[in-house]
Amino acid sequence: MATISMTVNGKQKSGDVQGNTLLVDFLRKDLSLTGTHVGCDTSQCGACVVHVNGESVKSCTVFASACDGGTVTTIEGMANDDGTLGVIQQAFQDEHGLQCGFCTPGLVMSIADMLKNNPHPTEAEIREGLKGNICRCTGYHNIVKAAQAAAATLSGAAQAAE
Amino acid sequence: MYNFEFTRPTDLSVAVDALKTEGAQALGGGQTLIPVLKQRLAAPTTLVDLSGIESLKGIRRMGDMLVIGGGTTHGAVAGSGDVASAIAGLTELASKIGDPQVRNRGTIGGSIANNDPAACYPSAVLALGATIETNAREIAAADFFQGLYTTSLEDGEVITAVKFPIPVASTYQKFEQPASRFSLTSVFLAKMQDGSVRVGVTGAGADGVFRHEGLEQALSADFSASAVDGVSVSAQGMSNDLHGTPEYRANLVKVMTKRAVSALS
């Protein structure tokens with residue numbers, strides 16, 4: 001066992017892990033952050049996507065110890081400070097971008113990373129950017145609309161701030 | 001997954017020493033190795049994570065070479081202006097690996113050290129005649145790839161950088177196996193500074209990545225799609241699995257080479 005520590009959603013967290021402890025298991029079992037889901041456990045489905053040091057990764061395919069000293073953001077860190085839904089989360093609700101909701105945390109995290117790198121994506125770029133996330137309910141149409149709506153809201157907010 | 005001791009040195013020499021331990025294994029981005037460990041197809045006693053070693057990361061142009069650190073992620077290569085201006089085919093290649101999350105972790109050193117017969121990078125490394133730099137020596141691409149999942153790396157040897165000669169023009173044409181996003185058959189085509197044309201093929205060969213001499217000779221003499229038509233690509237030595245017969249893959253070699261020629265014309 002080794003003691004690791006990292007900043008998770010802005011808070012300092014630490015725990016004792018084995019060498020083979022995956023980041024997703026550390027988040028879910030040690031920190032009780034169960035919003036990050038395990039869909040496939042084979043790096044295919046993207047339900048476990050979180051941000052490590054600002055980049056989206058599949059937390060089922062990263063060791064917890066590899067994130068020692070790092071900064072992690074999970075779906076629990078995406079709401080506004082007052083507890084209301086963040087822009088991307090709200091867009092999913094407004095555009096009916098989810099049905100069962102199992103894949104949604106990973107999709108929100110992937111879209112957040114995508115929009116950070118490309119604030120005005122085309123539909124094709126959104127679909128390409130979501131290649132690592134599988135949804136078996138929606139057919140993706142409303143997920144793409146949610147991403148477009150979030151991009152419009154975030155760029156409008158950025159313009160208003162200037 | 002079996003348990004192991006996990007170590008994440010920040011210094012290359014510490015990592016190289018740790019890899020001398022019996023049963024030690026290097027970990028790049030882990031996008032192949034972690035799934036392998038989950039399936040219990042490997043059981044290292046110590047995993048030496050290379051991702052904390054900053055000296056293995058980065059992209060720089062040195063004269064007529066582009067040098068990419070072994071620990072550089074596919075995402076960093078795909079997003080690099082230096083790569084795009086020097087070797088556009090590498091930008092195409094890196095941006096088509098897996099998905100964005102895989103690209104944020106997976107590294108060029110990890111990819112070529114694994115030498116998966118359907119991986120993207122080996123085609124560019126072989127076609128461009130890159131040099132693989134390790135902690136111990138330099139290895140020519142032609143000597144590096146030794147068949148399926150096999151390279152000339154010694155136990156514990158770490159890829160520190162890959163040095164690519166900058167071609168006149170290059171492109172990567174990928175025919176993706178849609179479930180795995182590996183190559184079913186893909187072609188890296190480069191027009192070199194000496195006027196020759198190089199064709200690296202991945203995903204097709206039963207022994208892994210290869211160059212196709214017939215296509216290279218034909219395209220060096222006449223850089224056109226009709227020159228590709230005149231070349232016979234044999235199904236002998238091509239992979240055979242549920243996704244494609246050897247004949248199908250042999251045909252794809254020509255199709256993807258033609259697409260590459262038209263992309264550069």
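This is a predicted model: local features need pLDDT of at least 70, side-chain atom pairs count only at pLDDT 80 or more; totals for chains, interfaces and linings use all residues.
**Exercise 1. Which residue in S5(B) does Arg60(B) stand opposite?**

Residues are numbered from 1 along each chain as its sequence is written, while chains are lettered from A and ligands numbered from 1 in the order in which they are written.

*Solution.* 
- Start with the elements: helices (H or I, at least four residues) and strands (E, at least two) are DSSP runs, numbered from the N terminus.
- Strand S4 (residues 59-62) of chain B pairs with strand S5 (residues 65-69) of chain B in the antiparallel sense, over four bridges; strands pair if DSSP finds at least two bridges between them.
- Across this pairing, Arg60(B) faces Val67(B).
- Now look at the turn: two residues separate the strands of this hairpin, and Gly63(B) there has a positive phi of about 60°.

**Exercise 2. Find the strands that pair with S11(B), and say which of its residues point which way.**

*Solution.* 
- On one side of the task is S10(B), joined to S11(B) by six bridges and running antiparallel. Val187(B) stands opposite Val201(B).
- These two strands form a hairpin with five residues between them, and Gly195(B) in the turn has a positive phi of about 95°.
- Next comes strand S12 (residues 210-211) of chain B, which pairs with S11(B) in the antiparallel sense over two bridges. Here the bridge partner of Val201(B) is Phe210(B).
- For the directions, recall that in a regular strand the side chains alternate between the two faces of the sheet.
- Val197(B), Val199(B) and Val201(B) point one way, Arg198(B), Gly200(B) and Thr202(B) the other, and all are buried. Buried means that 20 or more other C-beta atoms, placed from the backbone, lie within 10 Å of the residue's own.

**Exercise 3. How many residues of H5(B) are buried, and what do they pack against?**

*Solution.* 
- Helix H5 (residues 88-95) of chain B has six of its eight residues buried.
- Among them are Leu90(B), Glu92(B) and Leu93(B).
- The buried residues pack against helices H3 (74-78), H4 (81-86) and H8 (121-127) and strands S9 (169-176) and S10 (183-191) of chain B. Contact here requires C-beta atoms, placed from the backbone, within 7 Å.

**Exercise 4. Which element gives the most to the side of chain B that touches chain A?**

*Solution.* 
- The contact takes 19 residues from chain B and 23 residues from chain A.
- On the chain B side, H6(B) gives the most, with five residues.

How values were computed:
A residue is buried if 20 or more other C-beta atoms lie within 10 Å of its own, exposed if 12 or fewer, and partly exposed in between; C-beta atoms are placed from the backbone. Two residues are in contact if their C-beta atoms, placed from the backbone, lie within 7 Å.
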